[in-house]
Structure formats: C-alpha cells, structure tokens
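Biologist: I would like to learn how to read the features of a model like this one. Please give the general idea each time, and then the case at hand.

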Amino acid sequence: MGFHEFGNIETVSHLEKKDVSKKEYISFRDIFNFLKRNMIVIAACTATGAVLGGIYVLNSKSTYMATTRLVMDPEQGRIVSQDAATGTVIIEAAEIASQVEIVKSEAIAQAVIHKLGLTEDPEIINSRSLKSALKGFVTSVAGIFTGGTDEEEEPTTDEELMRRTMGGFLSRVSVRRVGQSYVLEIGYTSGDPEKAAKTANALAEAYIRNGLNDRADAAKRGASWLESRLIEVGRKAREAALAAEEYRNKHDITAMANSSTLDQQQLAEVSSQMLAARAATAAESAKLTTLTRLIEGKSADGNMDEIANNPQIQKLRDDIRLAETKLENLKSRYNDGNPAIIAAQDEIARMKAAINGELRQIEAIYRSNVETARTREQLAEEQFTNATEKGADKNIARVELSEMESRANTYRRLYESILQQYVGTMQTQSFPLGKARVVTAATAPFGRIWPKPSIILPFATVLGFAGGLMASILRSGLDRRAGSGERLQRELGITSLGSIPVYRPQLDGGNAGKPLPTTMLPLRSVLDMPYSRFSEALRSVKNSLDSIIPANGSIVIGVTSVGPGEGKTTIATNLAQLYQNEGQSVLLVDADFIGSRLSRLAASAAKDVAVRPVELSFLGEQPVVLQPSRSSAGKGIRGAAVSELDRNDVDVDEDAGDTNPVPLVTVEQAKLASAANQRYGHLTTLKEAIAKMRRRYKVIIVDMSGFEDSADTRAICTYVDGIILVLGNSNKMTIERLADALSAFGKSRIALLGVISNRSDARRRHAAG
C-alpha cells in the first residue's frame with residue numbers, strides 16, 4: 001500500500017521532468033487513437049479546406065500566359081569565354097542574367113506601353129499589389145472616422161500615370177533562361193489570351209529593337225574615336241620605321257631575307273666550317289690511332305673500311321687460316337722439327353709479314369689525311385677569328401637597331417588592329433545586327449495558368465488536413481482535464497481504479513415498479529441491475545480493491561471527492577452492497593457531516609436504499625469476535641448472510657424481501673455518542689468507533705465530505721487505511737486544480753488507493769487511454 005504526501009504533489013511540465021520524459025514514447029497505437037479521437041475535427045477541417053479551395057477555383061478570374069522565345073547570339077565576346085586550362089567554352093551566366101533584367105527594365109516596358117496604348121488598359125490600371133490593397137483599406141477605414149472620401153485620387157500628371165501603369169505592367173512580365181542554353185523565354189499574363197500573346201511579342205520586338213539601337217549608337221561613337229586614334233598611331237608607325245632605316249644605313253648593317261645581317265650570316269657559315277674541320281680531324285686521328293695499335297698488336301683487328309675492302313689483305317688472311325689448319329694436321333701426324341712442319345710455319349710467317357706491309361701502306365695514307373684535316377681546321381679557325389673581329393664593332397649598333405625595329409613593328413601592328421576595328425565598326429554602323437532573334441513567337445494560349453484545380457484543390461485539402469491536425473494537437477496539448485488515468489499516473493503519480501459510466505435507469509428491468517425518486521435509483525444499482533454497464537464497471541473497481549484487502553484482517557476504506565455532487569455516496573453505497581451480497585461482513589459509515597445524505601435517507605427510506613442503521617452502544621465495551629454468517633438458501637448474492645451481532649444491534653425487517661441491507665452508522669449516532677461539551681467530539685468518537693468496529697467487520701467503507709472545503713474529511717482520512725478519490729466531473733477537473741486541492745492535506749501522510757472517474761463516457765475514455 002503506497003503512501004502519498006499530498007503537500008509535495010505538484011504538476012510539472014515534461015521538460016522539467018527529464019527522468020520521466022526519457023521513459024515516455026509514442027507508439028503507433030497512440031497515433032491511431034489520437035487520430036480516431038480527433039477524427040471529426042480533422043475530417044471537418046479537411047472538408048472545409050476542400051470546399052474553400054473549390055469556391056476559390058470557381059470564383060477566381062482566369063489568367064492566361066503567352067510566351068515567346070528569343071535566342072541570344074553566342075558569338076558575342078561578352079557572353080562566352082574560354083577556359084585557359086581546358087579550352088572549354090564557358091557561357092557567362094552573369095551576362096545572360098543581365099539580359100534577363102534588361103528585358104524587364106523600365107525602358108523596354110515604356111516602349112511597349114506606348115506602342116500598345118496600355119495607359120488606358122483597365123486591367124493594368126486597376127491591378128493592385130497586396131501592399132497597395134492594404135494601404136487602401138487602411139485609408140478607407142481612416143476615412144470613415146475622419147469623414148473623408150474613400151475614393152482614390154486619379155493621377156494628376158502623365159508621369160504618375162506612366163509609373164502606375166508600368167508597375168502593373170511589370171508585375172505581369174516574367175523572363176527566365178531556358179536551362180543552360182542561350183534561349184530566353186518572355187511571358188506575359190493577362191485575362192485575355194489574345195492580349196497576352198500580343199504583349200509578349202511586343203516585348204520581344206522592343207528588346208531586339210533596343211539592342212539594335214544600342215549597337216548602332218555604340219558603333220557610331222566607337223568609329224569617331226577609332227578614326228582619331230588611327231591617324232595618331234599611323235603617324236607614329238611611319239616615324240619609327242624611318243628612324244630604323246636611317247640608323248641601318250648609317251652603321252652599314254645589311255639585312256638579309258631572314259631579317260639577319262650579312263656579318264651574322266658569314267660568321268655562322270665560318271663557324272659551321274670550323275666545326276666540320278674539327279670533326280674531320282678528330283675522325284682521321286681516331287682511324288690512324290686504331291690502325292697503329294693494330295699494327296703494333298696492341299688490339300684485335302678493327303672493323304675498318306680500308307681493311308675490310310682490301311682484297312689482298314682478305315686473300316692473305318684466308319691463306320693464313322688454311323695454312324694454320326694444315327699445320328695442325330701436320331703436328332698431329334709428325335713430331336716437332338719435322339721439315340714439313342717447319343715449312344708450314346715459315347709459310348704462315350711470310351703471309352703475316354705481307355699483311356703487315358699492306359697495313360703500313362694504309363697507315364701512310366691515314367697520316368696524310370690527318371695532316372690535310374689539320375690544315376683545313378687551322379684555315380677555318382683563322383676565318384672565324386677574322387669574322388669575329390670584324391663584327392665586334394657592330395654589336396651595339398645591332399642591339400639599338402633591333403629595339404628601333406621592334407618599336408616600328410609594334411606601331412605597325414597596332415595600326416593594322418585599329419584599322420580592322422574601324423572597318424568593322426563602319427560596317428556595324430551601316431548594317432547593325434541584333435544580338436537576339438525570335439525563335440518562337442507567342443500565340444494565344446489554350447489553357448489558363450491560374451487557378452488550376454489540380455493544384456489548388458489538393459493543396460487546400462492538405463492545408464485543411466494540416467489545420468485540423470494542428471487544431472487537434474493544440475486541443476490535446478491544452479487539454480488539462482484529469483479524466484485520463486495515464487495522465488494522472490504520469491503527472492501526479494495517482495493510480496486509476498477504473499471509470500464508472502453514467503447511470504442510465506432501465507425502467508423495464510429490475511427497478512421497474514419501485515416508488516423511488518430518480519436521484520435514489522443509482523444508490524441501489526448493483527441490486528436492481530447487477531449486469532448493467534454501471535454495475536460491471538463498479539465490480540471491476542471492487543476487484544482492484546480486493547487485491548489490497550488482507551486475508552485475515554480488516555480494512556477501512558474512505559470514499560471522498562474534491563467537492564460535492566460528484567457521486568461519492570453512490571460509489572460508497574454500491575461498493576458496500578457488493579461486499580454485503582458477496583458474503584463479506586461490511587459496514588457503511590456516513591462521515592459526511594456537511595451533506596449527510598445517507599443519514600437522511602436512512603431516516604426516511606432505509607428499506608428502499610437497502611441500508612439499516614446500527615447503534616454505537618458498543619463503544620466502551622470489549623471487542624466481540626465476528627460470528628460466521630449464515631446464507632439463505634437459493635437467494636444468490638441477495639441472500640447473503642447477516643452476522644448475529646448485527647442482528648442484536650437492530651432487528652432485521654423481515655418484510656425487506658430478497659435484499660440484504662447494509663449496516664450503516666449515521667451522522668447523528670456519531671454526534672450523540674460524543675461528549676456534549678466538545679464541539680468537535682464527533683471526530684474522536686468516529687475514530688474510536690472505527691478502531692473497534694474493524695474487529696467486527698471485514699470491510700468498513702467511510703463516506704466522507706468533499707475534502708476541498710471540509711477540515712473534518714482531512715482529519716478523518718488519517719483514521720482510515722486508504723482513501724478512494726471520486727472525480728464526478730472529470731471534464732472540468734484539471735490536473736492543476738486537482739493538485740491544488742490535494743495540497744490541502746498539507747503534510748499529512750495519506751494512503752491514496754486510487755481515483756475513480758465517475759459519470760465518464762466509456763467510448764471517449766477508451767480512445768483517450
């Protein structure tokens with residue numbers, strides 16, 4: 001059994017209760033229940049959005065857009081550029097964006113307005129922006145209070161009329177670039193499709209004409225500047241060329257066909273000859289060295305053309321190979337010193353001497369060639385030295401001449417470039433070419449662009465659904481009613497014992513024919529309608545209480561509410577009847593010292609509400625052991641036993657029929673048993689009575705007043721083992737009010753068994769749970 005200190009209970013937002021919020025999660029069932037609970041609101045908002053969208057579509061004025069397409073000249077240097085690294089042509093997006101703004105400029109708009117006479121077009125003149133509409137509305141409202149007229153003043157000047165017309169005209173113009181191409185799409189919106197096409201074409205023509213005029217004016221101004229510049233550059237080029245020629249003649253510098261001087265060409269030729277002579281000398285010396293080493297036997301036979309092409313040497317070498325073969329054969333057959341072997345050796349030596357003689361002759365020829373090459377090399381070096389000495393004096397003159405010729409060539413190229421630009425400018429001035437041309441002319445559109453039902457109706461429906469969902473979320477978030485057991489558990493830590501539906505009498509059932517007022521029928525609902533929704537819900541609450549009743553002891557349960565009129569007496573009476581008719585000894589105590597409803601009913605209609613008062617004469621006596629109850633055969637739950645001690649307290653009315661009345665301690669009995677000189681002695685008497693009666697009864701149910709305004713109830717709550725809080729108007733009882741009411745207990749430690757939601761709607765409660 002848990003104890004709750006109500007002085008510490010307070011409502012805290014989810015952001016402040018971090019530990020609790022971490023354990024919370026939203027499941028798909030929660031979402032489904034939320035949508036089901038707010039289905040009517042969401043459906044109504046969705047239907048409203050769809051209806052408003054349909055009304056807007058039907059009442060909105062149709063708008064048409066006609067478009068014409070222009071292609072810009074890609075050969076303009078300002079529009080394209082080339083990547084220096086990859087060579088890829090890049091379209092300058094900034095330039096094309098500039099052309100888009102030019103199309104929407106006031107100059108183009110003014111030309112079209114004058115051409116089509118749009119200053120008198122009511123569609124443009126009467127069109128107003130949102131800002132101007134709000135301004136006009138504010139002005140009209142102010143005019144009502146100030147007594148001024150709400151009629152808008154007409155423009156007094158042509159400039160104001162043009163500015164107003166231009167504002168309305170430009171708001172209908174749209175220009176965009178088609179993808180990444182050179183094509184511009186010019187559109188114009190109007191309520192008349194023919195007017196839209198005509199105006200779009202007029203915009204394209206005005207843009208092209210404006211471009212032609214701009215290029216013609218620019219060409220005219222450029223031609224004047226280029227002409228003056230051309231004369232000046234031509235004069236400087238002529239002066240530079242004359243100065244270079246005079247300097248060349250003065251220093252006797254002759255230019256060849258390849259723009260080099262004669263001295264430079266001669267020096268280059270002599271240098272080439274000297275190098276060739278040195279190369280020939282080196283080649284001949286290398287051959288002589290190789291041949292000398294071959295003759296001396298310091299190297300093997302070299303691959304030389306003179307040796308390879310000499311038939312005599314080749315024949316002698318072949319004879320030597322044959323002689324060496326013959327000598328080997330002779331050595332294999334004869335001993336050394338044989339005349340045949342000696343003769344063969346002599347023959348080989350003779351042929352080698354002949355070969356050496358031939359090589360000596362070739363060596364003499366090589367020596368002669370080397371001497372000749374050296375002589376040529378010396379002659380070439382002498383010529384190179386003379387040419388170098390001769391041209392040394394002209395080096396400085398050549399450098400100066402080169403600079404003068406470079407200056408003359410620069411002026412000449414600049415003159416030719418300016419001349420070419422001047423010719424092109426004159427051609428442009430004579431035949432101006434537009435930088436754009438029309439690709440597709442605008443025609444009257446067949447379909448309107450606004451309003452589009454395929455867009456507006458789904459959007460309005462989705463917007464209505466979103467509005468309904470938002471309203472439901474706000475409604476759920478702002479709903480602080482304490483009717484949900486989950487919310488009570490989450491925010492106040494209070495357990496819900498169940499929900500009791502609204503009592504609905506069944507006149508054709510168990511309560512038919514009873515002369516009872518309608519207000520008294522709920523007090524005996526479990527007797528008259530044992531299987532109604534009211535009784536079944538109350539039995540579920542009793543089952544929850546049975547789990548906390550000790551097996552061999554007794555329990556005192558207090559029933560209270562926040563305020564009066566919440567049905568706590570009905571709950572207490574029916575719970576007592578349930579225990580009484582299940583064979584358990586139960587006592588009902590009326591501790592409602594403010595209303596005393598049970599006591600008043602016991603005095604006037606105890607038989608009708610199935611209660612019977614008992615006396616408190618046993619106060620001061622020793623506890624009496626509880627006697628076993630006797631059950632009446634064949635009477636079910638209504639024939640439950642009554643203890644002998646109860647029968648001694650008051651005589652049982654035999655005419656009560658098949659009902660088993662519940663023993664009741666009334667308010668008057670508690671007051672009469674208290675001391676006469678104590679104003680609040682009934683509390684002490686009730687406490688003593690509860691302590692002694694729990695020895696005789698298994699279950700004691702105490703019906704108390706609403707604790708919000710009753711100090712007696714807050715005191716009695718400390719006498720019982722646990723209390724049940726009845727919320728009879730949970731739709732108006734908020735979490736904050738309940739927390740404030742519970743805080744009235746102060747620091748008292750009260751065992752709160754749970755909360756019963758009385759008079760609740762079962763379907764709404766199921767959806768909220």
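Modeller: Start with the elements: helices (H or I, at least four residues) and strands (E, at least two) are DSSP runs, numbered from the N terminus. This is a predicted model, in which local features need pLDDT of at least 70 and side-chain atom pairs count only at pLDDT 80 or more, while totals for chains, interfaces and linings use all residues. Residues are numbered from 1 along each chain as its sequence is written, and side-chain values use heavy atoms, with hydrogens and water left out.

Biologist: How many helices and strands are there in the protein chain?

Modeller: The protein chain has 26 helices and 16 strands. One of the helices is helix 9, residues 193-250, which holds both glutamate 232 and lysine 236. These two are four residues apart, about one turn of the helix.

Biologist: What do glutamate 232 and lysine 236 form?

Modeller: A salt bridge, which is a side-chain nitrogen of Lys or Arg within 4 Å of a carboxyl oxygen of Asp or Glu. In the bridge between glutamate 232 and lysine 236, the closest N and O atoms are 3.5 Å apart. The structure holds 25 salt bridges.

Biologist: How is burial read?

Modeller: By relative accessible area: buried means under 20%, exposed over 50%, and partly exposed in between (1.4 Å probe, protein chains only). Glutamate 232 is partly exposed at 32%, and lysine 236 is partly exposed at 29%. Over the protein chain, buried residues are 38% of the 769 residues.

Biologist: In the salt bridge of glutamate 185 and arginine 176, what is the N to O distance?

Modeller: The distance is 2.9 Å, N to O, between the two side chains. Glutamate 185 is buried, with a relative accessible area of 14%, whereas arginine 176 is partly exposed at 42%.

Biologist: Which parts does the salt bridge of aspartate 721 and arginine 694 tie together?

Modeller: The closest N and O atoms of aspartate 721 and arginine 694 are 2.5 Å apart. Aspartate 721 is in the loop between helix 24 (711-716) and strand 14 (722-727), and arginine 694 is in the loop between helix 23 (681-693) and strand 13 (699-704), so the pair ties together parts that are 27 residues apart in sequence. Aspartate 721 is partly exposed at 21%, and arginine 694 is partly exposed at 26%.

Biologist: Which residues are linked in a network of salt bridges?

Modeller: Asp121, Glu123, Arg172 and Lys195 are linked in such a network.

Biologist: How do I read the packing of two helices?

Modeller: Axes are lines fitted to C-alpha atoms, for helices over the stretch in contact, and angles run from 0 to 180 degrees between N-to-C directions. Helix 5 (residues 106-116) packs against helix 8 (residues 158-170) at an angle of about 105°, with the axes 10 Å apart. That makes helix 5 roughly perpendicular to helix 8; angles under 35 degrees count as roughly parallel, over 145 as roughly antiparallel, 65 to 115 as roughly perpendicular and the rest as oblique.

Biologist: Which residues of helix 5 and helix 8 meet?

Modeller: Contact means heavy atoms within 4.5 Å. Residues of helix 5, including Val112 and Ile113, meet residues of helix 8, among them Met166 and Phe169.

Biologist: What should I look for in the backbone?

Modeller: Most residues other than glycine have a negative phi, and most peptide bonds are trans. Serine 596, in the loop between strand 10 (586-591) and helix 20 (597-605), has a positive phi near 55°. Alanine 610 also has a positive phi, about 60°, and is placed in the loop between helix 20 and strand 11 (611-613). Serine 596 is buried at 10% relative accessibility, and alanine 610 is buried at 2%.

Biologist: Where is proline 451 placed?

Modeller: Proline 451 is in the loop between strand 7 (436-440) and helix 15 (453-478). The peptide bond from tryptophan 450 to proline 451 is cis, with omega near 0°.

Biologist: How far apart are the C-alpha atoms of isoleucine 750 and glycine 722?

Modeller: They are separated by 7.0 Å, while the two residues are 28 residues apart along the chain. Isoleucine 750 is in strand 15 (residues 749-750) and is buried, with a relative accessible area of 1%.
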